[in-house]
Amino acid sequence: MKMIIAIIRDSDNESVSQALVTNSFRVTRIASTGGFLRRGSSTLMIGVEDEKVDAAIQVIKENTTSPEESGTKRATLFVIPVEHYTQV
Amino acid sequence: MQEFHSPEEIRSQVREGDSTPPTQPAGEEGSRPPVRMLMLAIVQYQDQKKAVQVLDSMGLTVIRLASSGAFLGRRNVTLMVGLPPEQLEEAVKAIHQYCHQRVEYVSTPLEGAPMPIPLATPITVGGATVFTLEVDRFEEL
């Protein structure tokens, strides 16, 4: 089990979350700030099985738009091993 | 070990950093050591500005999450920082330096008094809580 922490721009949140949910990934959104010129951003926490990490990242890649300003990133992703996972 | 600067110095450094264009040459980006750690630092609201400034001045990307908790249930800030292991010690030291432990007073009713007389009880509020997680994979799109 892995947890993907994806920091994306607020404007991409809707489409990314929708796409992840339709691909049966579960998403938790946290409002955050920082990074991209300190503006609002969305942090998504996604719990996925090891073999689905690539698929989830692919979904995020496909649904983020590249920003107009050069030098800003579309998304920052951390993949973290999860020791224990239960869904109640 | 890099010596630490006063917030004023850091601010000027940050401002200098702002004046340079955000686009970094590809070579410079590539030469940075890979991000292998994710640090979650829970700092007090009063300390967040300085903490973000030092981390920024170290060239780290800081993401802020508003949170609350601890004994007093106060508003605090969770900072998420991706960093290479070499910078971990420096980052923790920086947070340590700028996130102070302070004493706050909470009013508690004086026991045994016929009237609820508030009594100021000192409570030590922690400096910062830092968790560091290993990152399997780090990507910037």
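Of the 141 residues of chain B, 24% count as buried, a residue being buried if 20 or more other C-beta atoms, placed from the backbone, lie within 10 Å of its own, exposed if 12 or fewer do, and partly exposed in between. This is a predicted model, in which local features need pLDDT of at least 70 and side-chain atom pairs count only at pLDDT 80 or more, while totals for chains, interfaces and linings use all residues. Residues are numbered from 1 along each chain as its sequence is written, and chains are lettered from A and ligands numbered from 1 in the order in which they are written.

**Confidence**

The predictor gives the complex an ipTM of 0.80 and a pTM of 0.73. Its confidence in each residue is expressed as pLDDT, from 0 to 100. Chain A averages a pLDDT of 88, with 94% of its residues scoring at least 70, whereas the mean for chain B is 78, and 77% of its residues reach 70 or more. The elements named below are helices (H or I, at least four residues) and strands (E, at least two), taken as DSSP runs and numbered from the N terminus.

Where pLDDT is low, the predicted coordinates should not be read in detail.

Chain B has four helices and seven strands, and from the N terminus on its elements run α-α-β-α-β-β-α-β-β-β-β. Strands of both chains come together in an open sheet of nine strands, in the order E6(B)-E1(B)-E3(B)-E2(B)-E2(A)-E3(A)-E1(A)-E4(A)-E7(B), with antiparallel pairing; two strands pair if DSSP finds at least two bridges between them. E6 and E7 of chain B stand at the edges with a single partner strand each, so one side of each is left without a neighbour in the sheet. Neighbouring strands of this sheet are turned by 25° against each other on average, direction ignored, where axes are lines fitted to C-alpha atoms, for helices over the stretch in contact, and angles run from 0 to 180 degrees between N-to-C directions.

Within chain B, E1(B) pairs with E3(B) in the antiparallel sense over eight bridges, and B:Leu38 has B:Gly82 in E3(B) as its bridge partner. E2(B) and E3(B) (residues 74-83) are likewise antiparallel, over eight bridges, and there B:Arg64 is partnered by B:Leu79. The hairpin of these two strands has four residues between them, among which B:Ala70 takes a positive phi near 65°.

Between the chains, three bridges join E2(A) (residues 26-34) to E2(B), the two running antiparallel. Here A:Gly34 stands opposite B:Ile63, and A:Ser32 stands opposite B:Leu65. On the whole interface, 19 residues of chain B are in contact with 24 residues of chain A. Strands E2 (62-69), E6 (128-134) and E7 (137-140) of chain B are the elements that give two or more residues to chain B's side.

**Core and helices**

The largest nonpolar core holds 41 residues, of which A:Ala6, B:Ala51, B:Leu55, B:Leu79, B:Val81 and B:Ile95 touch the most other members; such a core is a set of buried Ala, Val, Leu, Ile, Met, Phe, Trp, Tyr and Cys residues joined through C-beta atoms within 7 Å. Leaving aside neighbours within four places in sequence, B:Val81 is in contact with B:Met39, B:Ala41, B:Leu55, B:Leu60, B:Val62 and B:Ala91. Helix H3(B) (residues 48-57) is mostly covered, eight of its ten residues being buried, including B:Ala51 and B:Leu55. Just after this helix, B:Gly59 takes a positive phi of about 80°.

In chain A, helix H1(A) lies across E1(A) (2-9), E2(A) and E3(A) (40-48), running at about 15° to E3(A). The loop between H1(A) (10-22) and E2(A) contains A:Ser24, whose phi is near 55°, a positive value in a residue other than glycine. A:Ser24 is exposed, with 7 other C-beta atoms within 10 Å.

Definitions and conventions
Two residues are in contact if their C-beta atoms, placed from the backbone, lie within 7 Å. pLDDT is the predictor's confidence in each residue, from 0 to 100.
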